[in-house]
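Dear colleague,

My notes on what was found in it follow directly after.

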Amino acid sequence: MSLLRNVGTIGSLTMLSRVAGMVREMIFSRVLGANAVTDAWFQAFIIPNVFRRLFAEGAFSAAFVPMFSKRLHGAESDQEGLEDARSFSADVLSVFLPVLIALVALFELAMPAVIWVLADKPVDPETYPLAVDFARIMFPYILLVSLVTLFTGMLNSVSRFAPGASFPIILNLVLIAALLAGEWFAETSGASIAQIAYGVAWAVMGAGVMQLAWLYYWVRVEGFRPRLAWPRITPEVKRLSIIALPAAIGGGAYQINTLVQLYFLNQLQDGSVSYMNYADRLNQLPLGIIGIALSTAILPTLSKFVGSENKEGADRIQSDAIELAMLLTIPAAVALAICATPFVTVIFGGGEFSAGDAAATGEVLAALVLGLPAYVLVKVLVPNFYARADTKTPVIAAFISLGVFITACILLLDPYGVIGVAFASVIGAWINVGFLLTVLAMRGHYRIPAVLLARIGRQVFAAAAMGGALYFARDELAGWFGSGILIGFLAVGALVAAAALVYFGIAFATGAIDRQRIATLTKKKAPQ
C-alpha cells in the first residue's frame, strides 16, 4: 500500500474524528461556555491526556511497533511469526498493566497536590475542589487508552490502520451524547453548569471502556490473543524499555510543556484555559489529519529503507512526507490566521459562549496557527530518528524547545496575556524543527533538496495570494458569521471554497505541486 493511501486511510478517519471532536466542542461551548467551571474541567481533562499523548503518539509506539513487527514478519513461517509476536505482546502487557495501575493509584492519591501546583495562588475555594474531583474521575482513562495504544501498535504492524485511527471517534460521540443529555437536564430540571460538567467527566470513563472493547475486537480478528501472564522482565521487554525510555523523556518534555502552559494560563483571568482549548481544537484539526497521519504512515516504510541501507528510498519518503505536509498545512495556517474570529464565531458561538469569548479565542487562534507548519514538521521528521532506533535526539530537541517556551512565556505573559502563551508555543515549535533538520543534515541522514525548498517557496506564494483573497472575502461576509449556524456555515463554506480555488489554482500554475510525484504516491505499491 502506498504512502498516500496509508495517509488517506489514517487521515480520513482522523478527519472524521476531528470533525466529531469539533462538533463536541461546538456543543460544549454552547452548553458550558468559557468560565471558571470549564477551566477546571479542561484542566482536569488535560492531565490524563498528557499521558495519553506520551504513550499513544510517542515513546511506546515508536519502540513497540518495530520490535513487534520484526517478530511478526521475521520468522521463517507466518505461524512462527504470529506465535513469537503473541508471546512478546503478552510479556509487554503483563509488565505494562501493573505499571499503569500503580500510576493511576499514585495520581488518585496525589491529585489535590497536583491541582494545587498547577493552580493560581491562592487557590479559588470554589473551583479547586471541582478541578480535583474532575481529575480524579477522568485520570483512570489513561489506563484504558494506554491498553488501546498497545493494541493499535499490534494492528499497525500488519498495516491495519483503520481501527487505531477510528477509536477517538468513540470518545467524541459519547461526550456529545453526555453534553446533549446535560443540556436536556438543564432545561427540564435546572441542572447547573457544574452538575453537567460532572456528568461529562464520567462519560470520559465510559468512552474509554468502549474504546478498549473496540480495539480488543480487532486484534482478535487479526489472530492475536492478548493474554496476561505473571510479570517478568524478559530481555525483549528490557530492550523495549531501554529504547522507549529516552523517547518517553522526550515526549515528557512536550507534556511538561502542556502542563507549564496550563500553569501560566492559570495566572490569567477566568476563561483563559478555555480560550486556549477552543483555539487549539481548531489548530489540532489539520495537525491531526496531516501530521499524525503522515508520522504514523511513514515510520514502517522509513524503518524498512533504513534497515536495508537504502538511503535513496529513505530520502524519497522523507521528502514526499515534507512536501505533502507543507502543501496542505501552509494554506491551512494562513486561512486560520486570517479568518480566526469568523471561524470561532461560527463554530463555537452561541448559548453560553459570547461574542467576547469568540473574539478572545480568535486572537489566540491567529497567534497559535503561526506554528502549525512547525508542529506538523516535527511529526514528520521525528520518525527519521525513530527508524534508526535513535530516540535520544528528539529528546534533546524537545527539551531545548521546552526551555525556549518557558523563557518566552515569562517574557510575554504580562504584556500579551494568553496570546503571549500562544506565541511562546510557536517560537518553541520552530526552534524544535530547526534543531531536528540541522542534526539530520550534519549526520548525513537527510538534507532538504533545493528543488523541494523551491517548491515550498511556491506553496508559500500561493498561500499568500489565497490569504489576500480571504482578507477581502472575510470583510464582505462579516455580517453572515453571527447570523445563526446555517448561514454562518454557508459563509465559512464560501470562504473555504474560494481559498481552495485560489490556492490550488496558483499552486498548479506555478509548479508548487509536483504532478509526477503525486502520481507516484498514488501507485498501489510503495517504491522499492
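I begin with helix α6, which runs over residues 141-156 and has 16 residues, with a reach of 22 Å from its first C-alpha to its last, close to the 22 Å expected at 1.5 Å a residue. Because 16 of the 16 residues of α6 are buried, this helix is largely enclosed by the rest of the structure. Please keep in mind throughout that this is a predicted model.

As for the chain overall, its secondary structure comes to 19 helices and zero strands. Of the 528 residues in the chain, 55% are buried. Taking the contacts between residues at least 6 apart in sequence, 84% join residues that are at least 24 apart.

Helix α7 and what follows it

Helix α7, residues 162-189, has 28 residues that should span 40 Å at 1.5 Å a residue, and its end C-alpha atoms are 41 Å apart, which agrees. Glycine 190 follows α7, and its phi is positive, near 75°. Helix α8 covers residues 193-221, and it packs with α7 at an angle of about 150°, the two axes being 8 Å apart. Since angles over 145 degrees count as roughly antiparallel, α7 and α8 are therefore roughly antiparallel to each other. Their crossing is right-handed, and the residues of this contact divide into 19 nonpolar, four polar and one charged.

Two further helix pairs

Helix α11 (residues 311-338) and helix α14 (residues 372-386) pack at an angle of about 165°, with 8 Å between their axes, and they are therefore roughly antiparallel to each other. The crossing in which α11 passes α14 is right-handed. On the α11 side the contact involves Gln318, Ala321, Ile322, Ala325, Met326, Thr329, Ala332, Ala333 and Leu336, which meet Leu372, Pro373, Val376, Leu377, Val380, Leu381 and Asn384 in α14. Sorted by class, the contact of α11 with α14 has 13 nonpolar and three polar residues, and no charged residues.

The other pair is formed by helix α17 (residues 450-476) and helix α18 (residues 485-510), which pack at an angle of about 150° with their axes 8 Å apart. These two helices, α17 and α18, are therefore roughly antiparallel to each other, and their crossing is right-handed. From α17 the contact draws on Arg458, Gln459, Phe461, Ala462, Ala463, Ala465, Met466, Ala469, Leu470, Ala473 and Arg474, while from α18 it draws on Leu495, Ala499, Val502, Tyr503, Ile506, Ala507 and Thr510. By class, the contact of α17 with α18 has 14 nonpolar, two polar and two charged residues.

Valine 95 has its place in helix α4, residues 78-118. Its relative accessibility is 18%, and because buried means under 20% relative accessible area, valine 95 counts as buried. In sequence, valine 95 and alanine 229 are 134 residues apart, yet their C-alpha atoms are 8.8 Å apart in space. Not counting residues up to four places away in sequence, valine 95 touches Pro231, Arg232, Ile233 and Val237.

Which residues does asparagine 257 contact, leaving aside its neighbours within four places in sequence? They are Leu402 and Phe405. Asparagine 257 itself lies in helix α9, residues 235-265, and with a relative accessible area of 15% it is buried.

Alanine 367 lies in helix α13, residues 355-368, and is buried with a relative accessible area of 3%. The C-alpha atoms of alanine 367 and alanine 337 are separated by 7.1 Å, although the two residues are 30 apart along the chain. Once residues up to four places away in sequence are set aside, alanine 367 touches Ile419, Ala422, Phe423 and Val426.

With kind regards

Notes
Residues are numbered from 1 along each chain as its sequence is written. This is a predicted model: local features need pLDDT of at least 70, side-chain atom pairs count only at pLDDT 80 or more; totals for chains, interfaces and linings use all residues. Side-chain values use heavy atoms; hydrogens and water are left out. Axes are lines fitted to C-alpha atoms, for helices over the stretch in contact, and angles run from 0 to 180 degrees between N-to-C directions. Helices (H or I, at least four residues) and strands (E, at least two) are DSSP runs, numbered from the N terminus. Angles under 35 degrees count as roughly parallel, over 145 as roughly antiparallel, 65 to 115 as roughly perpendicular and the rest as oblique. A crossing is left-handed if the near helix is turned anticlockwise from the far one by less than a right angle, and right-handed if clockwise. Contact means heavy atoms within 4.5 Å. Ala, Val, Leu, Ile, Met, Phe, Trp, Tyr, Cys and Pro count as nonpolar, Asp, Glu, Lys and Arg as charged, and the others, Gly among them, as polar. The expected span of a helix is 1.5 Å times one less than its number of residues. Buried means under 20% relative accessible area, exposed over 50%, partly exposed in between (1.4 Å probe, protein chains only).
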